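Dear colleague,

Please find below the structure that I am handing over to you.

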Amino acid sequence: MRTPIVDFVNKYAEKDTARLHMPGHKGVSFLGCEKMDITEIRGADELYDAEGIIAESEANAGKLFGFGKTIYGTEGSSQCIRTMLFLALQGAERTGERPVVLAARNAHKAFLYSCALMDLEVEWLMPEEGERSSLCTCPITAKQVEQKFSEMKQKPFAVYITAPDYLGYSPDIKALAEVCKTVSIPLLVDNAHGAYLKFLQPSKHPIDLGASMCCDSAHKTLPVLTGGAYLHLSEEWAEKVGHQAKKAMEIFGSTSPSYLIMQSLDKCNEYLADGYPEKLAETIEKVAAVKTFLQKQGWEVMDGDPLKLTIFTGKMGYTGEEAAETLRKTGVECEFADLDAVVLMVTPENTDRDFEKVLSALGSLQKKTGIKAVQMPLILPERKMNIREAIFSQWEEVDCEDAVGRICASPCVSCPPAIPIAASGEEITAEMAELFKAYGIEKIEVVK
């Protein structure tokens, strides 16, 4: 597969051209990548008005994914989340009321900031009783969404979920999409952790399962530089709002998109086309073997995302943070750790030696008295202000014990995407303050 952006930049870098254009480093090496870092010079095309090499590269990505439309983002899924919501609004009926989006509570803070920018209201979906209580996961069902539709006074313009979440859990996207279609509402999926899902056999990508729009952080699970992302539209929504997609991305993006990131996305097309599904399947087999081994050793390992090792450590008597520290001493840096779990993200670029280090580190820990998982309250906090008012209000930072009775300004989460202990506009309670402390959150931004 051709790599038009990479090829163009390589040819330009080889020329003895006087760079009397941006960027200011002029191709002189400070970090080592400057020679390949350019701007929109003649022939380099423009990301938000692509007609040349970028358009060709995006078309290559589109062929690989096979959806209605696939476009590049250079500012991660955060830019794509804002764009998805904007496009869903463009395709919705306007009633004169503040638009409402129905969202699973474990949304990335970028979602809340997007709602503030566009002055959206959020109706939250919480996990059902009896489900694992964690800040990082929010199991919801199609039945819940259907019930919520019947209860809401105002029809939402979209349903928004995070799948897979930070721990690797995904709800039944196909069932959710079918429920949304019965009332002509788009299903938007933050698939930041699942760009590779398209290349499973069969595909488990949200668009193939019926989602209307979806964002992938290419850099999280594919060999792409940090910030590289895809925005995908289904056939239906590409026809409906696809012509507005680039302009929407431009609204929420920098006018100086990174050519280093675009080259990385371009090169990834070649990587995906050259035997990637086979490499992926081989890696998934290795991860499955590691999971089985750890389970035999007494560790509680989550099923779900086949490229994630999510280990709930309480059964063995350790916090996730303690397990992460042990891994660190053995030369392993995890993706995430909290009181209950440690999360390790794997790709085909990891080696057998990496897995050996994980097994060696966790194998060195002896079983102790079990630790109960931290319980996340399933009752939504009382909302005192809308999200936009709270985020754009004057605010101050206070100690968490002094925040009781105050209104949350910025969302308070242990890590994104996660269920915010308090979302913008909600009143902070004593119970929340205790949960803040448990997760190591000492300061909170509250409305003045």
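This is a predicted model: local features need pLDDT of at least 70, side-chain atom pairs count only at pLDDT 80 or more; totals for chains, interfaces and linings use all residues.

Residues are numbered from 1 along each chain as its sequence is written, and side-chain values use heavy atoms, with hydrogens and water left out.

Helices (H or I, at least four residues) and strands (E, at least two residues) are DSSP runs, numbered from the N terminus. Two strands pair if DSSP finds at least two bridges between them.

The sheet is open and consists of 4 strands in the order S8-S9-S11-S10, with antiparallel pairing. Its edge strands, each pairing on one side only, are S8 (300–301) and S10 (336–337). S8 is joined to S9 (residues 308–312) by 2 bridges, and Val301 stands opposite Ile311 in S9. Helix H11 (residues 276–296) packs on the sheet and touches S8 and S9; contact means heavy atoms within 4.5 Å. The direction of H11 makes about 15° with that of S9.

Two packed helices are described by the angle between their axes and the distance between the axes. Axes are lines fitted to C-alpha atoms, for helices over the stretch in contact, and angles run from 0 to 180 degrees between N-to-C directions.

H11 also packs with helix H13 (residues 352–363), at an angle of about 10° and with the axes 11 Å apart. H11 is therefore roughly parallel to H13 (angles under 35 degrees). Among the residues making this contact are Val290 and Phe293 of H11 and Phe355 and Leu359 of H13.

Helices H1 (residues 4–14) and H2 (residues 53–65) pack at about 145°, their axes being 8 Å apart. Pro4, Ile5 and Phe8 of H1 meet Ile53, Ile54, Glu56, Ser57 and Asn60 of H2.

Arg105 lies in the loop between strand S2 (100–104) and helix H4 (109–118). Is Arg105 buried or exposed? Its relative accessibility is 1%, so Arg105 counts as buried (under 20% relative accessible area, with a 1.4 Å probe and protein chains only). The side chain of Arg105 reaches the backbone oxygen of Pro420 at 3.3 Å, and it makes a polar contact with the side chain of Glu426 at 2.9 Å. A polar contact is a pair of N or O atoms within 3.5 Å; within protein, one must be able to donate a hydrogen and the other to accept it, and residues adjacent in sequence count only if both atoms are side-chain atoms.

Ala175 lies in helix H6 (residues 173–182). The C-alpha atoms of Ala175 and Gly425, 250 residues apart along the chain, are separated by 32 Å.

Yours sincerely

Note on methods:
Buried means under 20% relative accessible area, exposed over 50%, partly exposed in between (1.4 Å probe, protein chains only). Angles under 35 degrees count as roughly parallel, over 145 as roughly antiparallel, 65 to 115 as roughly perpendicular and the rest as oblique.
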